[in-house]
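Hi everyone, thanks for coming. Let me put today's structure up on the screen, and then I'll walk you through it.

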Amino acid sequence: MNIAVLYSTGPIELDGSNTRQFIVKILNNSPKDTATGKVRVFSLNGGKSRIANPTFYIPPLSSDFFSFDVKDEAEVEFQIRVDSLNGATNEQITSFVLPSVWGKNPGGVPQTEHRLVTAEIRIVRPIGDSE
């Protein structure tokens with residue numbers, strides 16, 4: 001079974017805000033292994049439904065980001081699933097792979113109320129292949 005770590009922002013309320021887009025930034029501080037995984041975006045407008053699910057591959061000592069349009073959403077959740085770094089432990093994964101989430105207004109300006117740095121994103125649990 002592969003080891004993976006699942007991060008979650010929890011629910012983010014957008015109703016009445018000026019946030020129209022989110023950027024998910026992932027930094028891979030591993031000196032030798034590529035970070036792989038998925039960013040899952042859920043609409044929480046009533047029921048929970050997945051609206052995006054891109055896969056990422058981030059080389060060692062680099063970062064990447066993904067943009068998501070949320071202008072039609074009242075509430076969202078972001079989950080970042082990080083798969084094992086060549087057999088790394090969960091503690092190593094959470095030390096090396098650091099996500100952040102940034103809301104932006106229509107002009108592309110970051111919105112302070114929708115900025116989540118790594119320390120503010122919850123590690124839900126280690127997960128296995130079945131999820």
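A word on terms before we start: buried means under 20% relative accessible area, exposed means over 50%, and partly exposed lies in between, with a 1.4 Å probe and protein chains only. What you see is a predicted model, where local features need pLDDT of at least 70 and side-chain atom pairs count only at pLDDT 80 or more, while totals for chains, interfaces and linings use all residues. Residues are numbered from 1 along each chain as its sequence is written, and side-chain values use heavy atoms, with hydrogens and water left out.

Let's begin with glutamate 91. Its relative accessible area is 56%, so this residue counts as exposed. Glutamate 91 sits in helix H1, residues 90–96; helices (H or I, at least four residues) and strands (E, at least two) are DSSP runs numbered from the N terminus. Glutamate 73 is 18 residues away along the chain, and the two C-alpha atoms are separated by 34 Å.

Now the whole chain. It has one helix and eleven strands, and from the N terminus the order reads β-β-β-β-β-β-β-β-α-β-β-β. The radius of gyration is 15 Å, close to the 14 Å that the globule rule gives for 131 residues, so the chain is as compact as a globular protein of that length. That radius is taken over C-alpha atoms, and the rule is 2.2 Å times the number of residues to the power 0.38. Along the principal axes, the C-alpha atoms fill a box of roughly 45 × 30 × 20 Å. Of the 131 residues, 43% count as buried.

So what is inside? The largest nonpolar core has 27 residues, and Ile26, Phe56 and Phe78 have the most contacts inside it. Such a core is a set of buried Ala, Val, Leu, Ile, Met, Phe, Trp, Tyr and Cys residues joined through side-chain atoms within 4.5 Å. Strand S8 gives the most to this core, with four residues. Leaving aside neighbours within four places in sequence, phenylalanine 56 is in contact (heavy atoms within 4.5 Å) with residues including Ile26, Val39, Phe66 and Ile80.

One last stop: leucine 61, in the loop between S6 and S7. Most residues other than glycine have a negative phi. Leucine 61 is also exposed, with a relative accessible area of 59%.
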